[in-house]
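Please look over the sequence and the structure before reading on.

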Amino acid sequence: MSSESKEQYDLSPKDSAEGNDSTLSGIPVGPQKESSTDFKKFETSDQCRPHPRIHMELREKSDTNFKQFVIKKLQKSCQCSSTKVKNTVFDFLPVLRWLPKYDLKKNILGDLMSGLIVGILLVPQSIAYSLLAGQEPIYGLYTSFFASIIYFLLGTSRHISVGIFGILCLMIGEVVDRELHKAGYDPAYVPPSSGMVSNGSTLLNQTSHRLCDKSCYAITVGSTVTFMAGVYQVAMGFFQVGFVSVYLSDALLSGFVTGASFTILTSQAKYLLGLSLPRSNGVGSLITTWIHIFRNIHKTNLCDLITSLLCLLVLLPTKELNEHFKSKLKAPIPTELIVIVAATLASHFGKLHENYNSSIAEHIPTGFMPPKAPDWNLIPSVAVDAIAISIIGFAITVSLSEMFAKKHGYTVRANQEMYAIGFCNIIPSFFHCFTTSAALAKTLVKESTGCQTQLSGVVTALVLLLVLLVIAPLFYSLQKSVLGVITIVNLRGALRKFRDLPKMWKVSRMDTVIWFVTMLSSALLSTEIGLLVGVCFSMFCVILRTQKPKVSLLGLVEESEIFECVSAYKNLQTKPGIKIFRFIAPLYYINKECFKSALYKKTLNPVLVKVARKKAAKRKTKEETVTFSSGIQDEVSVQLSHDPLELHTIVIDCSAIQFLDTAGINTLKEVRRDYEAIGIQVLLAQCNPSVRNSLARGEYCKKEEENLLFYSVYEAMAFAVESQNQKGVCVLNGLSLSSD
């Protein structure tokens, strides 16, 4: 602080003692023993030198005609040149930018290794997650294959793995089961295994007409939902409404995934026990499913149960070992593929289906089926379901792509990511596929095994193509219980979130509550309702935080121009007659009453002062004769009511007020009017441009009163001292030390 500004607030010990007599203003006063020592260094002359004001000149805004603005934008958009066409094509197909510059020597080994390993992991997961989506195993392989190819062409992230994702499969499966039930199909119907398909070009077989109808209708529903989800995602990218994902906080997404994981686990439990049960839909489906399971527990297939337990005993420890030694292993052990191969061989040679009626995957055709358009008649039934699926899909994809881009030092384009994931759903929906998105587990594997570019996605697609063309029929005898175990084991990451709760509670209790509410509603109600409840509750929490925000009185940090909360820090200097109030929230219609009550409580209530003055004046006019003692009381009452208050200025620190609405502006006007009525001036400091514009539009002050807005709290406090000296009012020119 300059010597000039120090002199402005100097005070002699004598004046300090005189200034501490008043009790009306509630100005904090430090202990006597501290003031006797700390004020010595502030002793100087009583002369108050003017503090320089900050003046800033606004830039002149050019008057833009709306019609001209629109015409200019349209002309710019409609202009066509070879450069613009080239940039548009390259922006839409990012592969054209990076593939010609591909460093074969540097990147090829990592891309080959990561693509091969992810492809091996995707084979069992694609087959297993097909059951979760209510589809035949072949459709899961189709989905992962097409998603890998399309994201290679359109994606901007180098590392994420796009393909089949458990949460979206669950949401698709719920829609499929509902539509099957509405169409009159029995979801629990298990047909004979013979003759399901005849070749790779068709699934239609006259000997199993009922099954084919059900299977074909199921994938028709799934592909129609997928098409609509893709359309929504592309539309969001076109209209640049990716901001929707900001309403899905990390705590909300984590709680949603954990809650949905319980639903996934519940839906797969019947496969582990070998039970044939319909999938429960709607509110409370998790509880309903467990009720069905316990009612039919006596029908458990012992062969499936034993197989499930053996697979769990193998998969869980090896998964833990993979994670524990991932820094030492060049590639994770493909335990799932090993288990699937071993289980298929055991089921085939042990004839588990024939001898023990174990549920198996049955025939998986080779090759690709002819393209088929979604059922347009189903769109009205599934359009609403596709909204939640599309939002979850793009939110997870964009968040993962940005996370890994930041980690590896490159950038991704959020809008292009929405286009990419949208077309990863639209195009495959014509090829008997269901919804895809990025998946964290496979992305981590991809990154840890040396992935450098999305060329690894092509390698993954080639592995899946090999399975589709040659290997798929070999999984005929694979038990569904094994697929259920693989799905459940992959939920470990989501269920482990419970271990992070103590740390989350310590960091943010509000986020922890949001996590619990979203998790419980997603698990106990339904995935769609749980997501909606989570979004609404998190927005309510934001409103709640601004409805009752933190407020504080500020004091000056010694030898600086910084002000901090007097209740949080010791030895802050406060100026007698001036109180500095900070409100940490936007000031709008929800919290305007909180602002007023907090300000009146922390400083002085002008309404009570006016009431006290009126009462004292009435008593004096009514009482014509009084006793000696009552006369003294009356004299004191009138004096307290009419003499100038020691508190002469209130400075409102607006640095934490992000915006004002009409109610907020009117509240500030009302507060200023009430305080001025009792002789206290109100100054606003550190208003951001948005707040200043709102105050100007709301006519908070006249043109000649704009000097009541300050760029810093220190400047406002200096102005308060100068204005009191100019008025000739007795001002205590010094600083006292707060004991708070």
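In which helix does I150 lie?

The model discussed here is predicted. Within it, I150 belongs to helix α8. Helix α8 covers residues 137-154 and has the highest mean pLDDT among the elements of the protein, 92.

Is I150 buried or exposed? Its relative accessible area is 7%, and the limit for a buried residue is under 20%, so I150 counts as buried. Beyond its neighbours within four places in sequence, I150 is in contact with F423, C424, I427 and P428. Between I150 and V162 there are 12 places in sequence, and their C-alpha atoms lie 9.4 Å apart.

## Overall make-up

The protein has 740 residues, of which 50% are buried. Its secondary structure consists of 30 helices and 10 strands.

Contacts between residues at least 6 apart in sequence were also examined, and 83% of them link residues at least 24 apart.

## Enclosed spaces

Rolling a probe the size of a water molecule over the atoms shows where empty space is left. How many cavities of 30 Å³ or more does the structure hold? There are 6, and the largest cavity has a volume of about 120 Å³.

The greatest share comes from α11, with 4 residues. The lining includes L170, E174, T263, K270, R279 and T289. Sorted by class, the lining comprises 6 polar, 3 nonpolar and 3 charged residues.

## Confidence in the model

For the protein as a whole, the mean pLDDT is 78, and 81% of the residues reach 70 or more. Which element has the lowest mean pLDDT? It is helix α3, residues 32-38, with a mean of 36.

Two stretches also call for attention. Over residues 190-211, pLDDT remains under 50, and the model has 44 contacts beyond four places in sequence for this stretch. Over residues 729-740, pLDDT likewise stays under 50, with 57 such contacts in the model. Where pLDDT is low, the predicted coordinates should not be read in detail.

Note on methods:
Residues numbered from 1 in each chain as written. Predicted model: local features only at pLDDT ≥ 70, side-chain atom pairs only at ≥ 80, totals over all residues. Heavy atoms only, no water. Helix = DSSP H or I, 4+ residues; strand = E, 2+ residues; numbered from the N terminus. Buried < 20%, exposed > 50% of the residue type's maximum accessible area, 1.4 Å probe, protein only. Contact = heavy atoms within 4.5 Å. 1 Å grid on protein atoms, 1.4 Å probe; cavity = no way out; pocket = protein on both sides within 12 Å on 5 of 7 lines; lining within 4 Å. Points joined across faces, edges and corners; volume = space filled by probe spheres on them. Nonpolar A, V, L, I, M, F, W, Y, C, P; charged D, E, K, R; others polar. pLDDT = per-residue confidence, 0-100.
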